[in-house]
Amino acid sequence: MKKGLKNYCEELKTLSEGKKPVSDRELQYHAIKIKNYQHERFVHLIITITFAFITLFSLYFARSDTMYLWITIISFVMLICYIKYYYYLENTIQKLYYYYDLLFQKSDTGDGYDSRRRNLSKKRS
């Protein structure tokens with residue numbers, strides 16, 4: 001997942017630095033991809049919080065039984081790994097937002113989302 005996200009970030013960077021205008025369809029595709037990565041980030045937030053609670057509970061129970069000490073150590077190591085990965089996800093998705101904004105400015109219509117929004121509101125009227 002990390003490698004795929006890094007490759008996608010590089011792809012967006014290259015696309016945003018290019019001279020070619022971005023079509024609305026490409027813009028929509030990238031918005032959907034970013035939404036998928038947001039979902040991934042949310043899932044890992046839930047997992048990270050769950051491991052934090054498991055670590056705290058096992059630490060509490062480790063006071064009375066040494067068996068829980070091993071569970072505490074294992075869950076603490078996993079918690080550190082999840083925090084590190086979540087930190088990477090958070091920062092990379094912030095970069096994706098930045099590159100998407102650059103693509104948005106380069107869109108065919110010049111005002112990207114706003115023009116689609118106006119077209120939708122005209123159809124409703």
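Q: Is the crossing of α1 and α3 left-handed or right-handed?
A: Keep in mind that this is a predicted model. Helix α1 covers residues 2–17 and helix α3 covers residues 67–105, and their axes come within 9 Å. The crossing of α1 and α3 is left-handed.

Q: Are α1 and α3 roughly parallel or roughly antiparallel to each other?
A: The axes of α1 and α3 cross at roughly 20°. Angles under 35 degrees count as roughly parallel. The two helices, α1 and α3, are therefore roughly parallel.

Q: How do the residues of the contact of α1 with α3 divide into nonpolar, polar and charged?
A: On the α1 side, the residues include L5, Y8, C9, L12 and L15, and they meet a set in α3 that includes Y85, Y88, L89, L96 and Y99. Lysines take part too, among them K2 and K6 in α1 and K95 in α3. The division for this contact is 12 nonpolar, two polar and four charged.

Q: Are α1 and α2 roughly parallel or roughly antiparallel to each other?
A: Helix α2 spans residues 24–61, and its axis lies 12 Å from that of α1, at an angle of about 150°. Angles over 145 degrees count as roughly antiparallel. So α1 and α2 are roughly antiparallel.

Q: Which residues of α2 make the contact with α1?
A: The crossing of α1 and α2 is left-handed. From α1, the contact uses G4, L5, Y8, E11, L12 and L15. Their partners in α2 are H30, K33 and Y37.

Conventions
Residues are numbered from 1 along each chain as its sequence is written. This is a predicted model: local features need pLDDT of at least 70, side-chain atom pairs count only at pLDDT 80 or more; totals for chains, interfaces and linings use all residues. Side-chain values use heavy atoms; hydrogens and water are left out. Axes are lines fitted to C-alpha atoms, for helices over the stretch in contact, and angles run from 0 to 180 degrees between N-to-C directions. Helices (H or I, at least four residues) and strands (E, at least two) are DSSP runs, numbered from the N terminus. Angles under 35 degrees count as roughly parallel, over 145 as roughly antiparallel, 65 to 115 as roughly perpendicular and the rest as oblique. A crossing is left-handed if the near helix is turned anticlockwise from the far one by less than a right angle, and right-handed if clockwise. Contact means heavy atoms within 4.5 Å. Ala, Val, Leu, Ile, Met, Phe, Trp, Tyr, Cys and Pro count as nonpolar, Asp, Glu, Lys and Arg as charged, and the others, Gly among them, as polar.
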